[in-house]
Amino acid sequence: MYETRVLSGMRPTGSLHLGHYHGVLRNWVRLQTEYPCLFFVADWHALTTDYENPGEVQKNCWDMVVDWLAAGVDPSQATLFIQSQIAEHAELHLLLSMMAPLGWLERVPTYKDQQEKLTDRDLSTYGFLGYPLLQSADILVYRAKYVPVGEDQVPHVEFTREVARRFNHLYGREEGFEDKAKAAAKKMGTKKARLINGLRTTFLEQGDAEALKRAQALVDGQQNLSRGDRERLYGWLEGGGKKILVEPEVLLTEAPKLTGLDGQKMSKSYGNTIALREEPEVVARKIRTMPTDPARVKRGDPGNPEKCPVWPLHQVYSDAARRDWVVKGCTTAGIGCLDCKQPVIEAINAELAPMRERAQAYLDDPTLVKNIVADGCEKARKLAAETMRDVREAMGLSYP
Ligand code: TRP
Ligand code: SF4
């Protein structure tokens, strides 16, 4: 019934690195050609943990958007915006907070984990507990169908599904729902009404998902239905009330784990990153000074790629022939470590060159970035407003 929207957000952590590129941005760049995509800076989420230093957040925000653009996120295809500029997220968050059980929030695994991990600050706050609910509002306010995120965010999307279901259950009921749904079906003509009635029964009695899909397709193809009728029919087909909010699904990002310069996960807090806008000389220096298999003390000592942090980089950047060359050369001491690293340096610089170039245009003229985000905010606000109209109506909040 609703278009298949993709939505994802990132907290503004400042300049991004190769780990973000391979883990997230490459995926966004692909998705933007396949679906209507919304990508946003989750600056409010940053404040849930960094509320003592709000000044950093805004600068990080612009740096991050430049990196998105540099990586190939295309504002003519995807909508880019900043969470705090769309007040509807906050309104939906507030309304959802009325019905979100405390126990659900306390049980989200990131809640206790993060509180225990980030011991340098006080996270026994209302906002931090509400982190996943704010994320639910981000997703639900656009009726997003797919949420591309990494493993760590899966519980938040699961939580969002539960919140959506609870909302639809509480507020999707209306006086005479069944009759209204049937009347809506009649508007499709007697023949089609009978057909979708049969498909509904097949779905409800036998769980036949194909039947549900066919019925939904018939509703989608029907021009003369109002939005309210469509929502009713959609809910009725599944045996429930009106579907006001859409239950989202995770699009798990399958990405090679890009290790950092020291072999640990690439992360800013470990200081082992290569930034997306890193200068070529810096890339070369960082790779050349990377540690290697500790057993290779002298050039003549054979090594083992499995024990070397350079090896995972070859797995991302080198083809089978080059990887063969590494394994043979390393284990027989046929190549030196600098020989081994050179193709990695070249591959990374080749990957980063177009990004640096794209970024430069935005750094030369920052108003370009501001305009892109202003456009994106405007588009996002329109979509969010549509959902909020339905939400307010469902909750008895649309005053004349
Ligand atoms: N919590 C996410 C993260 O830390 C960021 C985020 C906020 C998000 N709102 C979202 C991701 C909505 C997807 C959808 O990465
Ligand atoms: Fe690592 Fe390559 Fe040196 Fe082997 S030759 S230890 S894989 S850098």
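Helix α4 passes helix α18 in a left-handed crossing; a crossing is left-handed if the near helix is turned anticlockwise from the far one by less than a right angle, and right-handed if clockwise. The model is predicted, with local features needing pLDDT of at least 70 and side-chain atom pairs pLDDT 80 or more, while totals for chains, interfaces and linings use all residues. Residues are numbered from 1 along each chain as written, chains are lettered from A and ligands numbered from 1 in written order, and side-chain values use heavy atoms, without hydrogens or water.

Two packed helices are described by the angle between their axes and the distance between the axes. Helix α4 spans residues 87–97 and α18 residues 366–394. Their axes lie 10 Å apart, at an angle of about 25°. Axes are lines fitted to C-alpha atoms, for helices over the stretch in contact, and angles run from 0 to 180 degrees between N-to-C directions. Helices α4 and α18 are therefore roughly parallel to each other (under 35 degrees; over 145 is roughly antiparallel, 65 to 115 roughly perpendicular, the rest oblique). On the α4 side, the contact (heavy atoms within 4.5 Å) involves Glu-88, Glu-91, Leu-92 and Leu-95. These meet Arg-381, Ala-384, Ala-385, Met-388, Val-391 and Arg-392 of α18. By class, this α4–α18 contact has six nonpolar, no polar and four charged residues. Ala, Val, Leu, Ile, Met, Phe, Trp, Tyr, Cys and Pro count as nonpolar, Asp, Glu, Lys and Arg as charged, and the others, Gly among them, as polar.

Helix α4 also packs against α8 (residues 131–140), with axes coming within 8 Å and crossing at roughly 120°. That makes α4 oblique to α8. The crossing is right-handed. Helix α4 contributes His-89, Leu-92, His-93, Leu-96 and Ser-97. From α8 come Leu-133, Leu-134, Ser-136, Ala-137, Asp-138 and Leu-140. The α4–α8 contact divides into six nonpolar, four polar and one charged residue.

For Gln-153, a polar side-chain atom lies 3.0 Å from a ligand nitrogen. In total, 14 residues surround ligand 1, each with a heavy atom within 4 Å. The closest are Arg-11, Tyr-131, Gln-135, Asp-138 and Gln-153.

Conventions: Helix = DSSP H or I, 4+ residues; strand = E, 2+ residues; numbered from the N terminus. Polar contact = N/O pair within 3.5 Å; in protein donor to acceptor, adjacent residues only side chain to side chain.
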